[in-house]
Amino acid sequence: MAKFLNTSAANYYLEEIIRLAHIRLILISPFLKLNDRIKELLEDKNRLKLDVRLVYGKNELQPREINWLSALSFIRTSYCKDLHATCYLNEHFGIITSLDLHDFSQVNNNEAGILISREEDGELYRDFADEANRLIRISEELRMSLEKVRPMSEQKARPEEETEPEDGVKFSTSKLARSLGLKTQELTDHLVRLGAIEVREGHKQITELGRRLGGEMRVSTRFGPYFLWPKALPLTKA
């Protein structure tokens with residue numbers, strides 16, 4: 001029978017799902033900023049050559065996450081646009097929970113979840129696994145670069161040509177800023193004030209208003225998530 005989990009239990013079963021996986025492990029979380037304990041468990045699964053699928057959707061991968069993931073050949077990372085679901089499962093059991101793979105949430109937030117056992121909740125577990133696999137199928141798998149990514153504090157300013165990709169019709173935030181005679185951060189701050197971008201737990205996301213204005217968020221294996229905007233983006237509130 002499915003079991004309710006409080007904050008402590010959700011954290012406990014997240015680790016148990018990883019630790020007890022012997023065939024396959026699926027981790028789906030909008031936010032991705034792993035703590036050392038989770039990294040240690042996943043590194044062990046990588047050494048055992050376990051098939052691990054890691055799906056995220058709402059944050060820019062930080063350099064330390066990119067560097068860490070690039071060294072783990074059996075952990076396949078995918079980006080799922082508009083992902084809000086959070087769930088974790090192995091071949092034995094899984095949890096659907098509010099607890100995401102962000103170290104802040106795991107330490108500071110009050111969380112809840114439901115534990116589902118393949119043995120005791122067979123039909124429910126199958127439905128759960130089917131949906132998790134669907135999210136994997138609609139996600140874009142990323143190939144992490146083996147070139148070490150340095151923290152921003154250690155990086156030199158990027159050359160002008162090394163900006164986010166464009167699609168020929170829309171401008172990246174950096175190029176749109178240059179066309180307006182602004183710095184990228186100045187335009188980004190304005191888009192936040194306008195309501196086209198929101199910052200949640202330190203990560204930028206496009207809002208419904210941003211989409212109505214023609215903006216979109218995409219993901220690049222080199223730069224992670226980035227924004228594209230119409231060249232004639234209205235910069236004042238209607």
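This is a predicted model: local features need pLDDT of at least 70, side-chain atom pairs count only at pLDDT 80 or more; totals for chains, interfaces and linings use all residues.

Q: Which residue is the bridge partner of phenylalanine 171 in strand 15?
A: Tryptophan 229 again. Strand 11 and strand 15 (residues 224-230) pair in the antiparallel sense, over three bridges.

Q: What order do the strands of that open sheet come in?
A: The order is 11-15-14, three strands with antiparallel pairing. Strand 11 (170-172) and strand 14 (216-220) are the edge strands, each pairing on one side only. On average, neighbouring strands in this sheet are turned by 40 degrees against each other, if you ignore direction.

Q: OK, new topic: strand 6. Are its faces covered or open?
A: Both faces of strand 6 (residues 87-90) are covered. Cys87 and Leu89 sit on one side, Tyr88 and Asn90 on the other, and all of them are buried.

Q: How many bridges join strand 2 to strand 6?
A: Four, and strand 2 (residues 24-28) runs antiparallel to strand 6. As one example, isoleucine 28 in strand 2 has cysteine 87 as its bridge partner in strand 6.

Q: What about strand 7, how does strand 6 connect to that?
A: Through a hairpin, with two residues joining strand 6 to strand 7. Three bridges also join strand 6 to strand 7 (residues 93-97), and they run antiparallel. Cysteine 87 turns up here too, standing opposite isoleucine 96 in strand 7.

Q: Let's do charges. How many salt bridges are there?
A: The count comes to 11.

Q: Can you give me one, say for arginine 24: what's its partner?
A: Aspartate 51, with the closest N and O atoms 3.2 Å apart. Arginine 24 lies in strand 2 and aspartate 51 in strand 4 (residues 51-56), so the pair ties together parts that are 27 residues apart in sequence.

Q: Why does arginine 24 count as partly exposed?
A: Because its relative accessibility is 27%, and partly exposed covers what lies between under 20% (buried) and over 50% (exposed). Aspartate 51 is partly exposed as well, with a relative accessible area of 27%.

Q: What does arginine 211 pair with?
A: Arginine 211 forms a salt bridge with aspartate 82, and the closest N and O atoms are 3.0 Å apart. Arginine 211 is in helix 8, while aspartate 82 is in the loop between strand 5 (75-79) and strand 6, so this pair ties together parts 129 residues apart in sequence. Arginine 211 is partly exposed at 34% relative accessibility, and aspartate 82 is partly exposed at 47%.

Q: And glutamate 216, is that one buried or exposed?
A: Buried, because its relative accessibility is 19%, and buried means under 20%. The side chain of glutamate 216 meets that of arginine 218 in a salt bridge, 2.9 Å from N to O. Arginine 218 is partly exposed, at 29% relative accessibility.

Q: Last one: where's leucine 213?
A: In the loop between helix 8 (208-212) and strand 14. Leucine 213 counts as partly exposed because its relative accessibility is 21%. Not counting residues up to four places away in sequence, leucine 213 touches Leu194, Ala196, Pro230, Leu233 and Pro234.

Q: How far is leucine 213 from leucine 235?
A: Their C-alpha atoms are separated by 9.6 Å, and the two residues are 22 residues apart along the chain.

Definitions and conventions. Residues are numbered from 1 along each chain as its sequence is written. Side-chain values use heavy atoms; hydrogens and water are left out. Buried means under 20% relative accessible area, exposed over 50%, partly exposed in between (1.4 Å probe, protein chains only). Two strands pair if DSSP finds at least two bridges between them. Axes are lines fitted to C-alpha atoms, for helices over the stretch in contact, and angles run from 0 to 180 degrees between N-to-C directions. Contact means heavy atoms within 4.5 Å. A salt bridge is a side-chain nitrogen of Lys or Arg within 4 Å of a carboxyl oxygen of Asp or Glu.
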